[in-house]
Structures are given as C-alpha cells and as structure tokens.
Amino acid sequence: MSSSPAASEVSPIADAAPLSLCARAPHVPADRLVAEMVPPPRFDSVRFATYLPDPNQPSQTEAVRVLEGFAAGLGGAHAAGGGRRGFLGLGKARAAKAPAGPRGVYLDGGYGVGKTHLLASLWHATPAEPALKAFGTFVELTNLVGALGFQGTVATLSGHRLLCIDEFELDDPGDTVLVSSLLARLVEAGVALAATSNTLPGKLGEGRFAAVDFLREIQGLSAHFRTLRIDGEDYRHRGLPEAPAPYSDEQVTKAAYATPGASLDDFPHLLDHLAKVHPSRYGALTDGLTAVCLTDVRPVPDQSTALRLVVLADRLYDREVPVLASGLPFDRLFSEEMLNGGYRKKYFRAISRLTALARDAKGLVSRA
C-alpha cells in the first residue's frame, strides 16, 4: 500500500472532500479588525482563577496578585473622563488628567509561562463592557493603523478603558516607533495599557527577558509601565508526554476525509500560498476549520517563510484548531541557524504551539 495516496484514491468517508487553505484568499474589512480586538477563542474562558502557577516559581503567583489589583483599579469612570466614542471616535471627550501611578503593566517572561493567559485574564477581569476594552497582537494593532490611519486609530481606541497588546514586536524599528507614538496618544487620553513582548534580534536564549529592550524601545512611555517578571518553564510541555510522531500521508488524508470541516494541504504548497496572503488575514484564513491536516511537512526554506508560518501557528493556536501532519516532526521545521538567530523566540514559540496542537489532533486518526 502506498504511503502517499492521492485524494482521489481515498474512499469517500465524509460527505464532501476536505477544505483547502490554499484555495482561500480572504478579504478582511476594517470594521472586522476592530470587532475582533478581543481575546482569541482559546482564551475566551481563561481567568486568573484558571491560571495554574508553578509552585516552584513564586513570581507566577505574585503576577496574578498584582494583575488582579491592577484590574480592580480600572473600575469607575474612564481616566480621561470621556465615554465611549463611535467607530471613528466622533464626539469630544473631556480633557484627560494624568492618572496617578503607572497606567501600564508589562509581563516579562520566556515563552510558555502563560503571559497570554494572564493578559487575557486581565482583559476579562477589568470592570468595563467589552466595547471599552481591546485585545490584540502587535501585528493586529499595526494592521488596524494601516486600515484606519493613525488618527482614525487614535480616535477609535481613545475612549477605551484598557488596551492589551500581546507579543509586542521589538524587531521592527519602524513599526515600534509607530505603535509607541500611538500608545503615547492613548495614554494622554487615559487608556490603561498592558503588554507582553518578544526579544530583539541578537538577544539569544529563550530564557532571556526583554524588559530592558521593551522599556527602551517605547521611549517616553517607560514611566507608565510596571514590569512583572514571570519565571518558569513552558507550561505546554510541563508534565505532558512527548508530542506524537508524524503520521503517514495515508493516515493524514484518511483523517481529513473523515473529519467534517477539516482542511487538507500539501505543506510546501501551503507555504507558497501564505506568501500571497497578508498575515493580517491568517485568522480569516482559518475561519470555520475544525482541523488542519498537512502532508509532507519539511524544513522551512527561508526566514521570510518561517516568520509567516509563525503567524499562522499563532492564529491556529488562538483558535484551538488541531494540526495533524505527516513528514518531519515540528521540532525540525526550523534550521539550526534560525534557532540560533535573532528570531529564535518566535520559532520556539511556534514549535511549542504546533506541538500542543499535534497532541490535540491525535484523536482524529483513531476516529478515521
């Protein structure tokens, strides 16, 4: 029996053939970018009470305590005295008064210590209606500026109580200056800030913290942030068994046909397709999928492709979409040069998240 059957050779187990990511080219309007600035589906139900601190890492328990107090302090009227504005911030808000004490928190730690869990928990715990709170990655925030313009983004977000920024990108100087300028305007309007970040190029070691880099890059905003250092190992591997070995092409294809709402793509073709879709649309690329099935996983050929794959892995992880694959295991996606370079933290995060999604996909094979 061949280990790489064509889709046409597989018995029609499901009512329809699997979907294909390569056949999708979604358009994402600006209003969707605004509406989707909430914690992703994976973090819908997380709360401080569901965060499980490592008993060997007291900084994790301390972070929960501090963030709970920070959230409670954001109750009451908007710091600028203004109410909710319209989509483009129509209407005037009263002049802002400089709030007492830091109006921002920065969660400083390695990948997999639960920074996003804590950031989303802060969003949920802040006593304000969802329309007064925004949550997104750095990339999503820059995409919003691209869609609305700088002034439009300031107007849209300046009526918010809280803005949470996950994975603040310290490796793009131009975008860092843009977002720092945006945050300065929002602080003036009384918006509270919370952020996590990655590591600057050249800062090696996934356990090396980025607080000094972060505070330097946001320049005049550093006084507004309190740094919370969160030590620990990657929780996605804490006490868990090894990731499942890759399956055969036949097993992956059979599972894709047996799983309604699953996609099935050849990995090299998918990498080519990602180059044709802006990363801001990768979330929409995965809309409605119940699983992603990939055949012929092989090493990523270059850094540009690798960085696009990191964004896709983040969106799949956010949406809890299992990933079933044949070919090489996910810890062999990136070359030694990549894993020792300036973007290594991103690549290790992608490996960690794809490995977690591979565990989630194990049941697809047994049910096929």
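Is arginine 32 buried, exposed or partly exposed, and what is its relative accessible area? In this predicted model, in which local features need pLDDT of at least 70 and side-chain atom pairs count only at pLDDT 80 or more, totals for chains, interfaces and linings use all residues. Residues are numbered from 1 along each chain as its sequence is written, and side-chain values use heavy atoms, with hydrogens and water left out.

Arginine 32 is partly exposed, with a relative accessible area of 23%, where buried means under 20%, exposed over 50% and partly exposed in between (1.4 Å probe, protein chains only). Its side chain meets that of glutamate 36 in a salt bridge at 2.4 Å, N to O, a salt bridge being a side-chain nitrogen of Lys or Arg within 4 Å of a carboxyl oxygen of Asp or Glu. Glutamate 36 counts as partly exposed at 35% relative accessibility.

The structure holds eleven salt bridges. Among them, arginine 229 and aspartate 231 meet at 3.1 Å, N to O; arginine 229 is partly exposed at 47%, and aspartate 231 is likewise partly exposed, at 22%. Aspartate 296 and arginine 298 meet at 2.3 Å, N to O, and a network of salt bridges links Glu167, Asp314, Arg349 and Arg353.

An open sheet of five strands is arranged in the order β2-β3-β4-β1-β5, with parallel pairing, strands being DSSP runs (E, at least two residues) numbered from the N terminus, and two strands pairing if DSSP finds at least two bridges between them. The edge strands, each of which pairs on one side only, are β2 and β5 (225-230). From one strand to the next the twist averages 15 degrees, where axes are lines fitted to C-alpha atoms and angles run from 0 to 180 degrees between N-to-C directions. Strand β1 (residues 104-109) pairs with β5 in the parallel sense over six bridges, and the bridge partner of tyrosine 106 in β5 is threonine 227.

Lysine 133 is found in strand β2 (residues 133-137). Lysine 133 is buried yet has no salt bridge, and the nearest side chain of opposite charge (Lys and Arg count as positive, Asp and Glu as negative; His and the chain ends are not counted), glutamate 129, is 9.8 Å away. A polar atom of the lysine 133 side chain lies 3.2 Å from the backbone oxygen of threonine 126, and the side chain also reaches the backbone oxygen of alanine 128 at 3.3 Å.

Methods:
Helices (H or I, at least four residues) and strands (E, at least two) are DSSP runs, numbered from the N terminus. A polar contact is a pair of N or O atoms within 3.5 Å; within protein, one must be able to donate a hydrogen and the other to accept it, and residues adjacent in sequence count only if both atoms are side-chain atoms.
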